[in-house]
Amino acid sequence: MPRFVRVCPAEELAEGQVRMLEADGTKLAVCRHQGKAFALSNFCPHLTGNLGEGFLDEGLLVCPEHGWRFKLSSGRCVSVADRSAHPFPVREEEGWILVGI
Ligand code: FES
């Protein structure tokens with residue numbers, strides 16, 4: 001069972017925003033799309049680019065380095081087969097975003 005850790009106040013993650021945040025030392029790319037928050041590992045499986053410095057395009061998280069694109073819910077890379085960024089479960093409770101690690 002993951003342990004859910006507060007990563008930031010919910011109001012500090014705007015629609016369409018991507019942020020690099022930490023949960024107990026684990027670096028995450030946290031974003032909000034269509035009102036829902038998502039978290040993937042910060043590190044791109046290509047050459048460890050910081051996904052938390054990436055951006056959203058058509059509901060996909062885009063790596064700022066070479067543009068690989070990732071599904072928010074599964075972390076699956078749609079640019080290259082059989083690659084993915086590890087997804088983490090996210091909850092919003094009492095005005096906070098919590099990530100399960
Ligand atoms: S490091 Fe992410 S696409 Fe190359």
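The points below go from the overall composition to the sheets, the core and some individual residues.

1. The model under discussion is predicted. The protein contains 10 strands and 0 helices. Read along the sequence, its pattern is therefore β-β-β-β-β-β-β-β-β-β.

2. **Overall dimensions.** The C-alpha trace spans about 40 × 25 × 20 Å along its principal axes. For 101 residues, a compact globule would have a radius of gyration near 13 Å, and the 12 Å of the protein agrees with this. Buried residues make up 32% of the 101 residues. Of the contacts with a separation of 6 or more, 43% are between residues 24 or more positions apart.

3. **The sheet of four strands.** In which order do the 4 strands of this open sheet stand? The order is β2-β3-β4-β8, and the pairing is antiparallel. At the edges are β2 and β8 (87-88); each has a single partner strand, so one side of each is left without a neighbour in the sheet.

4. Strand β2 (residues 18-23) and strand β3 (residues 26-33) are joined in the antiparallel sense by 6 bridges. Strand β3 also pairs with strand β4 (residues 36-41), again antiparallel and over 6 bridges. Residue C31 can be followed across both pairings: C31 is the bridge partner of V18, and C31 stands opposite F38 in β4.

5. **The hairpin of β2 and β3.** This hairpin has 2 residues between its strands. Within the hairpin, D24 takes a positive phi near 50 degrees.

6. **The sheet of three strands.** A further open sheet has 3 strands in the order β1-β10-β9, with antiparallel pairing. Its edges are β1 (4-9) and β9 (90-93), each with a single partner strand, so one side of each has no neighbour in the sheet. On average, neighbouring strands of this sheet are turned by 30 degrees against each other, direction ignored.

7. **Pairings of β10.** Strand β10 (residues 96-100) is joined to β9 by 4 bridges, and the two run antiparallel. Here E93 stands opposite W96, and R91 stands opposite L98. With β1, β10 pairs in the antiparallel sense over 5 bridges; F4 stands opposite G100 in this strand. The hairpin of β9 and β10 has 2 residues between the strands, and E94 takes a positive phi near 50 degrees there.

8. **The nonpolar core.** How many residues does the largest nonpolar core have? It has 26 residues, and those with the most contacts inside it are L28, A29, V30, A39 and L40. The elements giving two or more residues to this core are β2, β3, β4 and β10. Apart from neighbours within four places in sequence, L40 is in contact with L28, A29, L51, L61, F70, G75, A85, H86 and P87.

9. **Residue L60.** L60 lies in strand β6 (residues 60-62). Is L60 buried or partly exposed? L60 has 18 other C-beta atoms within 10 Å, whereas a buried residue needs 20 or more and an exposed one has 12 or fewer, so L60 counts as partly exposed. Not counting residues up to four places away in sequence, L60 touches R69, F70, K71 and V78. The C-alpha atoms of L60 and S73, which are 13 residues apart along the chain, are separated by 9.5 Å.

10. **Positive phi in two loops.** Most residues other than glycine have a negative phi. T48 is not a glycine, yet has a positive phi of about 55 degrees. T48 is placed in the loop between β4 and β5 (55-57), and is exposed, with 12 other C-beta atoms within 10 Å. D82, likewise a residue other than glycine, has a positive phi near 65 degrees. The place of D82 is in the loop between β7 (69-71) and β8; with 7 C-beta neighbours inside 10 Å, D82 counts as exposed.

Conventions. Residues numbered from 1 in each chain as written. Predicted model: local features only at pLDDT ≥ 70, side-chain atom pairs only at ≥ 80, totals over all residues. Pairing = 2+ DSSP bridges. Axes fitted to C-alpha atoms, helices over the stretch in contact; angles between N-to-C directions. Contact = placed C-beta atoms within 7 Å. Core = buried A, V, L, I, M, F, W, Y, C linked by C-beta atoms within 7 Å. Rg over C-alpha atoms; globule rule 2.2 N^0.38 Å.
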